[in-house]
Amino acid sequence: MSQATLGIRRISGHAGPAPGEDVERAEQVCKLIDTTTCIGCKACEVACLEWNGYTFTDTVFDNSYQTMPETAWNYWNLIKFNEHEREDGSITLLMRKDQCMHCADPGCLAACPADGAIVQYTNGIVDFQQANCIGCGYCVTGCPFDIPKFNPATKKMFKCTLCVDRVSEGLEPACIKSCPTGCLHFGSKDDMKGLAETRATQLRENFGFAKAGVYDPAGVGGTGVIYVLHDVTNPEAYGGLPKDPRIPLLVRLWKGPVKWLGGWSMFFGVLGVAIHYLRYGPKIPQDGHDNRDDSAPGHRDEGVKP
Amino acid sequence: MTNGWIDIKNTDMMLIMGGNPAENHPCGFKWAIEAKRTRNAKMIVVDPRYTRTAATSDLFLQIRAGSDIAFLGGMLRYAIENNRIAHDYLVNYTNAAFIVKEGFQLPEDGLYSGFDPATQTYDKATWNYQEGGDLSGEAATAAPVSGHSSASPLPAHTQPATNQSGPGLTGQGYQGASGAGAKTAEPAKPAPTLPSNTAYDLTLQHPRCVFQLLKQQYSRYTPEMVERITGIPKDQFLKAADLFTSVRKDGDMKQVGTILYAVGWTQHSFGTQIIRAAAILQLLLGNIGRAGGGINALRGHSNIQGATDMGGVFDIWPGYLKTPSPADVDLATYLKRTTPTSSKPAPWESFNYWSNMPKFTVSYLKAMYGDAATKENDFGFHYMPKVDRNYSWTQIWDNMYRGSVKGMLAFGMNGVAIGPDSQKNIDALKKADWLVVGEIYPDETSEFWKSPGITAEEMKTINTTVYRLACAGFAEKDGSMTNSARWLQWKNVAIPPPGEARLDQDIVAQIFLRVRDLYQKEGGKYPDPILNLTWAYTNAQHPALGDLAKELNGNALADLTDPKTQVTIKRGQQLPGFAWLKDDGTTSCGNWLYSGCWTEAGNQLARRGTDDPSGQGIYQNWAWSWPANRRVMYNRASCDSSGKPWDATRKQVWWNESTQLWVGNDVPDFKPDSHPKDHMGPFIMNPEGIGRIFGPLAALADGPFPEHYEPIESPVQNALHPNQSNNPVVKKFTTAADKYATPGDGFNIICTTYRLTEHYHYWTKNNQMNVQLIPEPFVEIPVELAAELGIKGNDKVKVTSARSYYVAKAFVTKRIKPMTIDGKKIYQIGIPIHQGYRGIQEDAGRNARTILNRLTPTVVDPNAYTPEFKGFLVKLEKA
């Protein structure tokens, strides 16, 4: 989507530092979702569609108020409805707005092999650049929240952009603007964290929710979307919110030791070739050239322009 | 609403019952959330289903549909037993201390005194106060009241008609299902009246004082009884009662509780009495008139409040003036009947604002007939129709079904879908000669002849001529809408109407002008009411809504001078407000309540001032609120008898000793110079000046206190009085289409109906964006019931009532639990109203095309004539 005027912190599948890295330290933006005041009205679903120019899709009733089972490539914002039985046997209806969590340490970006297909701006927004996307779907593997979705027609991946086009112009995301109860807030991560903690304290002290707390999982470095939950010890009850989300081991290996190992094996391979050359002389008349390249398959030069 | 949407943020306690604001009023509901967030306010939700409102509540109780009075009666008993009452408020601002006449009897057997089983009506002579002054301290010698055991009517009241009861909005007695053409005109005998010097006992000890009667009436509503009737376990009920009444713990008056309700209360054969029960509870707790308090009706359409204010019901004129009856032979007779004189303890004062009835009425007639309304012709009173019987919604359809109503103009509503008993309404339209539908979509009413079950053969036999007129939608016209908070807000046109679509007022103008032409050319039986009607709009063919708003506000027809201030209003000028209205024909005003909306200062409805100096969300300069731009009604009651606010942190109005005036952040709803020591009551619209815990005389058709009655279709007998299970004054309809079920016939599941956030009535099934959010009709079924019947989620199910059937998918949910009612296991199911046989999914053949209201019974509340959509009996099976 639009890169607008934001600085970039990280780029998927990119060799070397992100252009302009460390030049700018933007404020981290954050969306706060207070599930305890969400009324599941779906205004955010409609606002998301309208702002991003998507039309309606065909849906089928599925024993729920929920619009569809999961978010879709053209439906990035979905309220998940969960009938939940409390310990005392009473019933409650948990409603959670599901969308990209904009992780500080984004698994999708880590897993993405396409240079510039996924970027993280300095304000923390994680954004897909469909022009660079190769549709491999590795980002799905990398995401602990099951967010990126594939459009079979264009063979590209899509997800919530945190309305980067609005945010870069100083506006709040469309979902925030549409929320009638004010359960959605937008601001700096510090402010949102403070607001969330205050609300959680209020819930614990005045409304009898002893386990109320803030969901900002450390496993992904914290998120750019945080929740206030009635029971922070049981996020799974809110439609599969993982308790301790982490970037999958394979992805971490892929971009960590494996990448490192791959780099060194490449280096030693080339070194071996060089030694071989020094020792045995040229086999083919060709320049010995150190072409170390630690990028994953699919590297292309046209990356993200700062 | 006595208060307003924003005012909810000032509350400490909310009881949400008979309404589902999170789903049906999500934008207004933000203020409930605000109260929780900023004041730690608590929220109790009582509903047959665990709703999205319940999801944000602090306490949810699942109630059996139609047992609300039992619950509220239990709350009243709890408040009295535990002394959680506002004692000073009760004594000074309500009729708690008033003594009721000897002979009045409480409905221990289900009937109040005066019932006539032959006509199913009450002789209300004993539903009155006793004449006589201060009886404080005379309790010991007084004759007590007992529940009576015989239903024999008492002798008719013979007191001379010197003092009429106030023009209450309800209870005129147009009850029941009369046959086509049957006339049940008001009896000509003089109606009983309120005494001018009411007997009272300020110690509240007199056995016949209202407070003691209230205590006696609800002594039967024990927590055990509440559990038997409502299905709410005793401990949960007590938790709710304790929580709600905790605002009056130890007599402290600072805290405030509010009650929010919607059609979940009105749509019962005792709906008005449910609201009465809530109002009594709020009076008992001293919550009316106060910021964050009140009794608040959440209206379901953007302008339904406006429709009611403008007399969109057969028994009221604009501004809640009563429609005249044939017994009102002239204006003087009518005004004598409808203008109350004050009735109160002699040392007290009563503003009795309805004493201005002649001014409101004559000004209204001047707005209707202009120069043709003269003193000599009773200001055109004889041009106005006299209402000889019940012309309410269900009655109109009944009359069409019986063949006496031959045609219908249907604007702004989908007649056959909104029911009750859609099939009866469809069958009625088959018999009509013509039907005009003004709509933005082709709807079920305009295509009634395509409803499911009508064969191609039958279609050929339907001879009704249907005229379908394309109308403008809300964004395509300007004008004002009146919201639940009584704000009149002006809106501008966003886009012009598409194609041939026209504005409603243009269509009405065309019809009127052509009918008038016909009368002019051809004469007729009585052309005067049409020929003399004023139509003084700038463009007669296209009346501007601004012109209409000005007409409603009213203007001076002669130079007027206020004798006190010497301020003069010139002839032709807009009036500043209803205080200027006259009964001599020198003022014109289309709706006295709206007077002040479009003054010489211009369109007050378009004001958008955002100043709120008090921080209470009053916003005096935002739009305009009736009456007189007051935001909280009866706000005199926010102060103690000396004129000091009960809570200094939420000051609304107060008595200013130095200026000798009532002043405040809000406009005082009171006589501005009435000194507190004069003891004028804050409830200025009642001739007593006080809040009515006891509803005297004709205030209500079915009793001065609310009593629990079972819905017309109920799975159980009334636990309080099995021999009088239903509301005794409610009559069933009698056509072949009117069938009523009993559990004995196998109809033993309670069904209730409701709306969803995702849809707006029957409109949004034409909008893909809404359809996508909730694409198909469904029936919410408790898990346990589904298991018994072998129904799984998404299975197709058929719901059958005594009238018809409905087919949709099963939504098997844990949010409705099985209930134990009087020892019996009872299931409830719920169905949203939104689908029909015209719409995106319907046209694509993706649903069964049945209208929900095929299921609902034709039976109405005896005061407001609202049908009983909530709580009727059905069978459920896999389709």
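## Helix packing, sheets and chain contact

Helix H3(B) passes helix H5(B) in a left-handed crossing, a term used when the near helix is turned anticlockwise from the far one by less than a right angle, with right-handed standing for clockwise. The model is predicted, so local features need pLDDT of at least 70 and side-chain atom pairs count only at pLDDT 80 or more, whereas totals for chains, interfaces and linings use all residues. Residues are numbered from 1 along each chain as its sequence is written, while chains are lettered from A and ligands numbered from 1 in the order in which they are written.

H3 spans residues 68-81 and H5 residues 210-218 of chain B, and the two pack at an angle of about 125° with their axes 9 Å apart; the axes are lines fitted to C-alpha atoms, for helices over the stretch in contact, and angles run from 0 to 180 degrees between N-to-C directions. H3(B) and H5(B) are therefore oblique to each other, given that angles under 35 degrees count as roughly parallel, over 145 as roughly antiparallel, 65 to 115 as roughly perpendicular and the rest as oblique. From H3(B), Gly73(B), Leu76(B), Arg77(B) and Ile80(B) make the contact, and from H5(B), Leu214(B), Lys215(B) and Tyr218(B), where contact requires C-beta atoms, placed from the backbone, to lie within 7 Å. By class, this contact of H3(B) with H5(B) has 4 nonpolar, 1 polar and 2 charged residues; Ala, Val, Leu, Ile, Met, Phe, Trp, Tyr, Cys and Pro count as nonpolar, Asp, Glu, Lys and Arg as charged, and the others, Gly among them, as polar. Helices (H or I, at least four residues) and strands (E, at least two) are DSSP runs, numbered from the N terminus.

### Strands and sheets

Strands are taken to pair if DSSP finds at least two bridges between them. The table lists pairs from both chains.

| Strand pair | Bridges | Sense |
|---|---|---|
| E24(B) and E29(B) | 6 bridges | parallel |
| E24(B) and E30(B) | 3 bridges | antiparallel |
| E13(B) and E14(B) | 4 bridges | antiparallel |
| E11(B) and E12(B) | 6 bridges | parallel |
| E3(A) and E4(A) | 8 bridges | antiparallel |

Strand E24 of chain B, residues 749-754, is mostly covered, with 6 of its 6 residues buried; a residue is buried if 20 or more other C-beta atoms lie within 10 Å of its own, exposed if 12 or fewer, and partly exposed in between, with C-beta atoms placed from the backbone.

Elsewhere in chain B, an open sheet of 3 strands has the order E10-E11-E12 with parallel pairing. Strands E10 (407-411) and E12 (465-470) stand at its edges, each with a single partner strand, so one side of each is left without a neighbour in the sheet. Neighbouring strands of this sheet are turned by 10° against each other on average, direction ignored. Trp434(B) has Thr465(B) in E12(B) as its bridge partner.

Another open sheet of 3 strands in chain B runs in the order E13-E14-E21, with antiparallel pairing. Its edge strands are E13 (479-482) and E21 (624-625), each of which pairs on one side only. Gly479(B) stands opposite Lys491(B) in E14(B).

### Backbone exceptions in chain B

Most residues other than glycine have a negative phi, and most peptide bonds are trans. The peptide bond from Gly419(B) to Pro420(B) is cis, with omega near 5°, and Pro420(B) lies in the loop between helix H14 (415-418) and helix H15 (422-431). Asp421(B), also placed in the loop between H14 and H15, has a positive phi near 55° and counts as buried, with 31 C-beta neighbours inside 10 Å. A cis bond also joins Trp626(B) and Pro627(B), with omega about -5°, and Pro627(B) is in the loop between E21 and strand E22 (653-656). Leu204(B) has a phi near 60°, a positive value in a residue other than glycine, and counts as buried with 20 C-beta neighbours inside 10 Å.

Chain A has 8 helices and 11 strands, and of its 306 residues 45% count as buried. Its strands E3(A) and E4(A) form a hairpin with 5 residues between them, where Gly89(A) in the turn has a positive phi of about 90°, and Glu85(A) stands opposite Ile91(A) in E4(A).

The contact between the chains takes 29 residues from chain B and 25 residues from chain A. On the side of chain B that touches chain A, the elements giving two or more residues are helix H2 (30-39), helix H20 (768-773) and strand E27 (805-813). The residues of that side divide into 13 nonpolar, 8 polar and 8 charged.

Notes. Two residues are in contact if their C-beta atoms, placed from the backbone, lie within 7 Å.
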